[in-house]
Amino acid sequence: MHARIAAILAVGALTACQPANPTVDQLGLVPDYLGVQTRLLDGDLVNFLVEARGALQPTDVERYAECAAAQYALIRGYGFARHVRTNVDEEGGIWRGDAVYTISPALPRGVRTIDAEVVVARCRESGIPTV
């Protein structure tokens, strides 16, 4: 754990131009992704419960949930998803995300839509697991 903190501080000193609250991706760190639970709520409405250790901020957990949603959409034969909401909580070093997405075969309305194939490819490149 001390080595991880030292690495974060060293990277922080070298990246003065980085945002004040960098994500693990920006620092080149990879959290321990502890798993995804998927619950079909109603037709195209899906709930994703994710857990990770070593995240630095809620955005890191939100991306994990987005990766799960994108892969789930592809598994179900759909190409798109729309983010409805995500709640993130941290306790004892374990970050938990509770996200809801709709999945659809066509690009849904809304500003928080994702192309499932593009997102899954980005997740794989970043080392973020999917379902």
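Two residues are in contact when they have heavy atoms within 4.5 Å of each other. The structure is a predicted model, in which local features need pLDDT of at least 70 and side-chain atom pairs count only at pLDDT 80 or more, while totals for chains, interfaces and linings use all residues. Residues are numbered from 1 along each chain as its sequence is written, and side-chain values use heavy atoms, with hydrogens and water left out. By the contact rule, Glu 51 touches Asp 32, Tyr 33, Leu 34, Gly 35, Tyr 64, Ile 94, Trp 95 and Arg 96, leaving aside residues up to four places away in sequence.

**Overall make-up**

- The protein has four helices and five strands; helices (H or I, at least four residues) and strands (E, at least two) are DSSP runs, numbered from the N terminus.
- Along the sequence, these elements follow the pattern α-α-β-β-α-β-β-β-α.
- Of the 131 residues, 37% count as buried; buried means under 20% relative accessible area, exposed means over 50%, and partly exposed lies in between (1.4 Å probe, protein chains only).
- Among contacts with a separation of 6 or more, 67% come from residues 24 or more positions apart.

**Salt bridges**

- A search of the whole structure finds three salt bridges, a salt bridge being a side-chain nitrogen of Lys or Arg within 4 Å of a carboxyl oxygen of Asp or Glu.
- Glu 51 and Arg 96 form one of them, with their closest N and O atoms 3.0 Å apart. This pair links distant parts of the chain, since Glu 51 is in strand β2 (residues 45-53) and Arg 96 is in strand β4 (residues 94-104), 45 residues apart.
- Both partners are partly exposed: Glu 51 has a relative accessible area of 30%, and Arg 96 has a relative accessibility of 37%.
- Glu 66 and Arg 122 form another salt bridge, and here the closest N and O atoms are 2.6 Å apart. Glu 66 belongs to helix α3 (residues 58-75) and Arg 122 to helix α4 (residues 116-126), so the pair ties together parts that are 56 residues apart in sequence.
- Glu 66 counts as buried at 17% relative accessibility, whereas Arg 122 counts as partly exposed at 34%.
- Asp 98 forms a salt bridge with Arg 85, with 3.2 Å between the closest N and O atoms. Asp 98 is in strand β4 and Arg 85 is in strand β3 (residues 80-91), and the pair links distant parts of the chain, 13 residues apart.
- Asp 98 is partly exposed, with a relative accessible area of 25%, and Arg 85 is partly exposed at 30%.

**Packing of helices α3 and α4**

- The two helices pack at an angle of about 130 degrees, with their axes 8 Å apart. Axes are lines fitted to C-alpha atoms, for helices over the stretch in contact, and angles run from 0 to 180 degrees between N-to-C directions.
- This angle makes α3 oblique to α4; angles under 35 degrees count as roughly parallel, over 145 as roughly antiparallel, 65 to 115 as roughly perpendicular and the rest as oblique.
- On the α3 side, the contact includes Arg 63, Glu 66 and Cys 67, and on the α4 side it includes Val 119, Arg 122 and Cys 123.
- The residues of this contact divide into eight nonpolar, two polar and five charged. Ala, Val, Leu, Ile, Met, Phe, Trp, Tyr, Cys and Pro count as nonpolar, Asp, Glu, Lys and Arg as charged, and the others, Gly among them, as polar.

**Single positions**

- Glu 51 lies 38 residues from Asp 89 in sequence, and their C-alpha atoms are 9.7 Å apart in space.
- Gly 54 is found in the loop between β2 and α3 and counts as buried at 19% relative accessibility.
- Gly 54 and Tyr 33 are 21 residues apart in sequence, with 8.6 Å from C-alpha to C-alpha.
- Ala 99 is in strand β4 and is buried, with a relative accessible area of 0%.
- Ala 99 touches Val 46, Asn 47, Phe 48, Ala 65, Arg 85 and Thr 86, not counting residues up to four places away in sequence.
- Ala 99 and Val 84 are 15 residues apart in sequence and 7.6 Å apart in space, C-alpha to C-alpha.
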